[in-house]
Amino acid sequence: MSTGRDNTQHQRDEGAEEQRHPQGDRSILVASQWQLMWRRLKRHRLAMASLVVLFFIYAMAIFAPFISPYDPFETYPQRTFAPPQIPRFYDPEAGFSIRPFVYGLTSEVDMEARRRVHTIDYDEMLPLHFFVRGEPYNLFGIMETDIRLFGVEEGTAFIFGTDRYGRDMFSRIAHGARISISIGLIGVFISFVLGVSIGGFSGYLGGGFDNAIQRIIEFIRSVPTLPLWMGLSAALPLHWPPTTRYFAIVAILSIIGWTGLARVVRSKFLSMREEDFVVAARLINASERRVIFVHMVPTFLSHIIASLTLSIPGMILGETALSFLGIGLRPPVVSWGVLLQQAQNVATLARSPWLLIPGIFVILTVLAFNFLGDGIRDAADPYSTEGV
Amino acid sequence: MSDNVRQPMLELINLRKYFPVKKGFFRRHVADVKAVDGVSFSLYEGETFGLVGESGCGKTTLIKNIVGALRPTSGQILFTDAGGQTHDIARADRERIEAIRRDIQMIFQDPFSSLNPRMTVQDIIGEPLLVNEGKGRRASRARVAELMELVGLNPELLRRYPHAFSGGQRQRIGIARALALDPKLLLADEPTSALDVSVQAQILNLFMRLQRELNLSYIFISHDLTVVQHISDRAAVMYVGHIVETAETERLYVSPKHPYTEALLSAVPYPHPDVKKKKVVLKGGAADPQLLPAGCPFHPRCPYVEALCSTRFPSLEEVTESQQHWSACHYADSLSLRGLDTLEESAGS
Amino acid sequence: MASYIVRRVLMMIPLLVLVSGVIFIVIQLPPGDYVSRHVARLEMEGVVTHEAEIEALKRRYGLDRPVHEQYLLWVRAMLRGDFGYSFAVRRPVLSVVAERLPYSIIISVATLLFSWVVAFLVGTYTATRQYSPGDYIASFLGFLGLATPNFMLALILMWIMYSVFGFTVGGLFSPEYQDAPWTMGRVLDLLKHLIIPVIVVGTAGTAGSIRILRANLLDELNKPYVITAEAKGVPPFRRLCKYPLRVALIPFTSTVGWELPNIVSGETITAVVLSLPTVGPMLLRALVDQDMFLAGSLILFLSLLTLVGTLVSDLLLAWLDPRIRYDR
């Protein structure tokens, strides 16, 4: 301590203030804002549950060929519109079994209705095996293998039923997850780049540029989204290969998506410019670059992450809607929206309600992103004293 | 301080800062908010100049002009550096301002918003050294520790984040940051108003100790008269962009020469149950700096208003009774206004 | 106030120019021009076309001119009421719009009203009974409503109606009223058929509005003046209605601006699933057939619908809420 007669007083002052923190957990004193945010997020139960759900959905998308028991394009003509064979552990006659099993199906053609009718055969128990050998596939384009997560040795196990060509819905949903979920991520990435750069310039430069950008954003937001998306995606050339079409659809979805983010970034820039610690940084001669990237951006990065998370659902719903209408992604590409296309007809739907299962995955994913985004937003507020 | 021949360290001459008000679709310029309107004063080395006034009277705008965070609309801000050279901050280029900022630093009112919550104390206090002298964390560690001790913080806490500190401790961090470059002049913008009363006194004592040890000069802003009385050698009272009275602190408090000063002084609480003070209660609120009344800006609220007050603007004039006491009231010499009876009256509190 | 209205209406003009520009780009995007697509379609149907005829058509639509002139021609024709001819349905575009747009407007307005009433009631209930079972159920349904795509909801309702009650939901009229003149019976029939589309289209927006109203009202109810009122014995209902509800309703009414585009979007896709005689299914058909003139005009009218709707709600809001500054 330096010399000075009020030194003892300082020490007393500090000692008293130290009491504010319980002796137990001292790690909080040297915890960075990110660590504090993670602590707060961990306390948000719905957000944590959503994180788990998203983890599983992403795992399903990444390891789709391994997880799905069948090739998503393999047709089983004897098994069109087959109902789900639900995995069970209990059979009235055989009792409990540790190993899950499914009942077999018997199929016959109803000549009158001219369609195949399936009945569950409660006498035929098909045990499910794990890590079975199925059809060979290529994992990540590097590994040739035929080991699949689960399957039956004889008969079939369509746990989510089949579609009109007798294709396994579960395998198709797992593969569809790759498209549906990656569209959200790539779309959000494009929106992020557009939104942060345009919103950043708008908020930073202000004046006429800001005004023009604000008018454009207002305009985009006042136009009904879906008809505009429909118009743009219907204008895509039909002969484009699926990958090109995929990226074009992502780009179309991002045309709207960036505006929300640009607004967040702009308003943050505007409010941060006047923030005391930003002024303080200027007063010690920090360069503009340092002020922006060391002081301003890290402070609102968490808000950006929250709004990014909250804008993923819109992208996923957009792709689903467009593909459902037949003007987004098209077969043979498998996405959840494409899968739902088969459920357009009420009569079909009434006979085969399992065709709606891809929709449940859409809802689950969207819900999870919404809860997670809410959780991050709540956790992001650096001055909230709640829970710290 | 009565030594007139001495060269002032800082001299403000007729400083004005107007903010344009723009309206409508084409952002037409329709009016000005006259935040600072013709302020002049001088500050000498080692002196503390107190600036008193209610919220929104232009105190903060004034000092932001002095540190070069805002560009004045007109007027001069003459700063004389250690080498005896005088610069006009109002017209300095960026490079010059950056050099001057090593000598003039600012302390903020709110110790919570003035520290970046994402940086450790070490990085906050070390930032001026990093930016201006290119000293990294390792190179500046010793200096940061020294600064922390200087302001009464335990240097072992340098890896903590601001959220781990109390308001008073945070204000000490802010002071340490301002001292990092060895400034000559500190501009303190209500540095104690966000703090508990008990901590306020400690921070004021810290300011006084630092002034002695480092030979600092202060411009000390507060809306709390007792704080200014406690710390400053001379003081000025501001009202909607104008200085209405300035004098040595004791003289200003004991025999005010402006009705506004009198009203402010009458509001100072006197902590004795038997003493009932007569308060001068002003009518209405502070004038809108966008629509100042004609004549004396204070006249609509002044209890001693005369006909002249609503037509003629009173300039700041030295009162006849004493030297170095200036008042912007037409009747400064004829009114007999009540101040504090003695300085001890409230200093004892 | 008058100058505010004028300015607000004038603001529409640049917006309309932008909308028409974007739509013109959409029309221009597909490869090949309008006439050659038309000719190709005619030839597919076995109609012989002559070079001279094609040239005449191209001149008529200004296809021999540069793009910006084509745009001006297109806008000028629209201002004269000529929206072109749809080859997909073989009728002038304007008559298609005139037939279908009113139903889109009816559904949108009905949805907006439904959404307000439900959000107002449920939002007030959940805020005053925070953490009650009803609050949890409403919050749960709200999140579900926000996450469920419109068409999914339509499909599920259709499926339930079909498999439980055995009738097909769809259209806006029962067969017997399909082409009947307007009578009381037809209006009632229309109202009956509106229920499902309105629920489907309105759910997401309602869920959002409930959350907003609930949050605003909770903020307001925790303010000291409400607690003071409670301490002074003001009865609960009066305590709620006197100020907090009014204050909380203001941001709530201003959400129309962003809700209307969502409603129009939702209505478009829901109409396809429920085969309603609105703009939506016609837009999809035009897009699939690459009849871009029809598609462009339909999008233009849908945009116009939201722009006018937002204008009306802004003016209403300005009239309701004196705190809005007219001079900006």
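Which residue is the bridge partner of Y90(A) in β2(A)? The partner is F96(A), and the rest of this report sets that pair in its surroundings.

## Before you start

This is a predicted model, in which local features need pLDDT of at least 70, side-chain atom pairs count only at pLDDT 80 or more, and totals for chains, interfaces and linings use all residues. Residues are numbered from 1 along each chain as its sequence is written, chains are lettered from A and ligands numbered from 1 in the order in which they are written, and side-chain values use heavy atoms, with hydrogens and water left out.

## Chain A: an open sheet

Chain A holds an open sheet of four strands in the order β1-β2-β3-β4, with antiparallel pairing. Helices (H or I, at least four residues) and strands (E, at least two) are DSSP runs, numbered from the N terminus. Two strands pair if DSSP finds at least two bridges between them. At the edges of the sheet are β1 (88–91) and β4 (143–152) of chain A, each pairing on one side only. On average, neighbouring strands of this sheet are turned by 60° against each other, direction ignored; the axes behind such angles are lines fitted to C-alpha atoms, for helices over the stretch in contact, and angles run from 0 to 180 degrees between N-to-C directions.

Back to the opening pair: β1(A) is joined by three bridges to strand β2 (residues 95–110) of chain A, and the two run antiparallel.

## Chain A: covered places

Take T162(A), in the loop between β4 and α5 (169–205) of chain A. Is T162(A) buried or exposed? T162(A) is buried, because its relative accessible area is 0%. Buried means under 20% relative accessible area, exposed over 50%, partly exposed in between (1.4 Å probe, protein chains only). Leaving aside residues up to four places away in sequence, T162(A) touches several residues, among them R79(A), F81(A), D168(A) and W354(A). Contact here means heavy atoms within 4.5 Å.

Helix α7 (residues 225–234) of chain A is mostly covered too, with 10 of its 10 residues buried. Its buried residues include P227(A), W229(A) and M230(A).

## Chain B: a hairpin and a loop

In chain B, strand β4 (residues 74–80) has five of its seven residues buried, so this strand is largely enclosed by the rest of the structure. Three bridges link β4(B) to strand β5 (residues 86–88) of chain B, and the two run antiparallel. Within β5(B), D88(B) stands opposite L78(B). The hairpin of β4(B) and β5(B) has five residues between the strands, and G84(B) takes a positive phi near 85° there.

Elsewhere in chain B, Y44(B) sits in the loop between β2 (28–43) and β3 (48–52). Y44(B) is buried, with a relative accessible area of 11%. Not counting residues up to four places away in sequence, Y44(B) touches R6(B), Q7(B), P8(B), M9(B), S217(B) and R234(B).

## Chain C: two domains

Chain C has 14 helices and two strands. Of its 328 residues, 46% count as buried. The domain assignment gives domain 1 (16–93) and domain 2 (97–320) of chain C; such bounds come from an automatic or database domain assignment.

How far apart do the C-alpha centres of domain 1 and domain 2 of chain C lie? They lie 36 Å apart. Where the domains of chain C meet, 20 residues of domain 1 are in contact with 18 residues of domain 2. Together these domains of chain C bury about 1,800 Å² between them, 72% of it on carbon and sulfur atoms. Buried area is the accessible area (1.4 Å probe) that two parts lose on being put together, summed over both.
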